[in-house]
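Open the model in your viewer and keep the sequence panel beside it. This tour goes stop by stop: select, look, move on.

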Amino acid sequence: MATLIIRRGAPGEPPRFEEHAVPFEPGQSLLDALRWLRQERDPGLAFRFSCLNANSCKECMMLLDGKVVYACTARLEARPMRVEPLPNKPLLRDLATAIAPPDERLG
């Protein structure tokens, strides 16, 4: 098992951390674990991913143990891992942040 310590919350709410045990197999990505968690245990968990073109969409960028990573390429490890949203982007909810600058968003 791996343990994800995930920052949760929305703008205007105090952030909280939730700990979740997820199945672990060598080679899994952090995104694999987050998708499993949302499908099997917590359908309200918010995060972004696109996976149309690996490493170029920037949708799944987040902090893993304080470092900016792509969740699709960051490897899951059988240990506690702290997952947080990007600190320099507007928070939408949980791990989801606004990616495009305001002037590039569709109205």
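Helices (H or I, at least four residues) and strands (E, at least two) are DSSP runs, numbered from the N terminus. Two strands pair if DSSP finds at least two bridges between them. This is a predicted model: local features need pLDDT of at least 70, side-chain atom pairs count only at pLDDT 80 or more, and totals for chains, interfaces and linings use all residues. Residues are numbered from 1 along each chain as its sequence is written, and side-chain values use heavy atoms, with hydrogens and water left out.

**Stop 1: the hairpin**

Select β3 and β4. They form a hairpin with two residues between them. Click on D65 in the turn: its phi is positive, about 50 degrees. The two strands run antiparallel and are joined by four bridges.

Now select K67, in strand β4. Is K67 buried or exposed? Buried means under 20% relative accessible area, exposed over 50%, and partly exposed in between (1.4 Å probe, protein chains only). K67 has 61% relative accessibility, so it counts as exposed. Draw a C-alpha to C-alpha distance from K67 to E84: 9.5 Å in space, for 17 residues in sequence.

**Stop 2**

Strands of a sheet pair through backbone hydrogen bonds, either parallel or antiparallel. Zoom in on β3 (residues 61-64) and β5 (residues 80-84): they run antiparallel, joined by two bridges. L64 has V83 as its bridge partner in β5.

**Stop 2: the helix**

Select α1, residues 30-40. Colour its buried residues: L30, L31, A33, L34 and L37. These cover an arc of only 160 degrees around the axis, so they lie on the same side of α1. The arc is that of the directions from the helix axis to the C-beta atoms. An α-helix has 3.6 residues a turn, so residues three or four places apart point the same way.

What do the buried residues of α1 pack against? They pack against β1 (2-8), β2, β3 and β5. Contact means heavy atoms within 4.5 Å.

**Stop 3: A74**

Move to the loop between β4 and β5 and select A74. With 11% relative accessibility, A74 counts as buried. Leaving aside neighbours within four places in sequence, A74 is in contact with Q28, S29, L30, L64 and V69. Check L31 as well: it is 43 residues from A74 in sequence, yet 7.8 Å away in space, C-alpha to C-alpha.

**Stop 5**

Select R8 in strand β1. R8 is buried, at 6% relative accessible area. Not counting residues up to four places away in sequence, R8 touches P15, R16, E18, H20, D42, G44, L45 and D94.

Then jump to T97, in strand β7 (residues 96-97). T97 is buried too, with a relative accessible area of 1%. Beyond residues up to four places away in sequence, T97 touches R48, P85, L86, K89, P90, L91 and L92.

**Stop 4: the rings**

How many aromatic pairs does a search of the whole structure find? It finds one. Select F47 and F49: their ring centres are 5.8 Å apart and their planes at 25 degrees, so the pair is stacked. Rings of Phe, Tyr and Trp (its six-membered ring) pair if their centres lie within 6.5 Å; planes under 30 degrees apart count as stacked, over 60 as edge-to-face and the rest as tilted. F47 is buried, at 7% relative accessibility, whereas F49 is partly exposed, at 27%.

A charge sits over a ring if NZ of Lys or CZ of Arg is within 6 Å of the ring centre and within 35 degrees of the ring normal. Finish at R82, whose charged end sits over the ring of F17, 3.9 Å from its centre.
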